[in-house]
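Colleague: I am new to this one. Please walk me through how to read it.

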Amino acid sequence: MKKIYCISYDLIGEKDYTSLIDAIKNMGPWWHQTGSVWFVISEKTSIQIRDFLKTLIDKDDKIFVVRINSQDWAGTGFTS
């Protein structure tokens, strides 16, 4: 079953984001919401996503993955 996830990251210092961003985009349909926040649709679990993305970052970097269980949300100033 496909699920929606929010992925947020904080890469410490000067980093090349290319491999991380490409990996996120290759997970399935995605939306780059702001800065380092992405939404993706995937059949994987949040742990599987985290563990995969963790291989693309340094030990001092941070990644947070959360499944969005509701379609009830609100925002302003964003485009799809």
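**Reading the fold and its surface**

Modeller: Start with overall size. This is a predicted model. A compact globule of 80 residues would have a radius of gyration near 12 Å, and the protein chain has 13 Å, so the two agree.

Colleague: What does the C-alpha trace span along its principal axes?

Modeller: About 35 × 30 × 20 Å.

Colleague: How many helices and strands does the protein chain have?

Modeller: Two helices and four strands. Now take their order. Along the sequence, the pattern reads β-α-β-β-α-β.

Colleague: What share of the 80 residues is buried?

Modeller: Buried residues make up 25%. Buried here means under 20% relative accessible area.

Colleague: And the area that the protein chain exposes?

Modeller: About 5,700 Å². Carbon and sulfur atoms supply 53% of that area.

Colleague: Which residues form a nonpolar patch on the surface?

Modeller: Ile 4, Ile 41 and Ile 68. Together they have about 190 Å² of accessible area.

Colleague: Take Ile 41. Where does it lie?

Modeller: In strand β3, which covers residues 37-42.

Colleague: Why does Ile 41 count as partly exposed?

Modeller: Partly exposed is the range between buried, under 20%, and exposed, over 50%. Ile 41 has a relative accessible area of 31%, so it is partly exposed. Patch residues need over 30%, and Ile 41 has 31%.

Definitions and conventions:
Residues numbered from 1 in each chain as written. Predicted model: local features only at pLDDT ≥ 70, side-chain atom pairs only at ≥ 80, totals over all residues. Heavy atoms only, no water. Patch = residues over 30% accessible without salt bridge, like charges linked within 9 Å, V, L, I, M, F, W, Y side chains within 5 Å. Areas by Shrake-Rupley, 256 points an atom, 1.4 Å probe, with all protein chains shown as cover. Salt bridge = Lys/Arg side-chain N within 4 Å of Asp/Glu carboxyl O. Buried < 20%, exposed > 50% of the residue type's maximum accessible area, 1.4 Å probe, protein only. Rg over C-alpha atoms; globule rule 2.2 N^0.38 Å.
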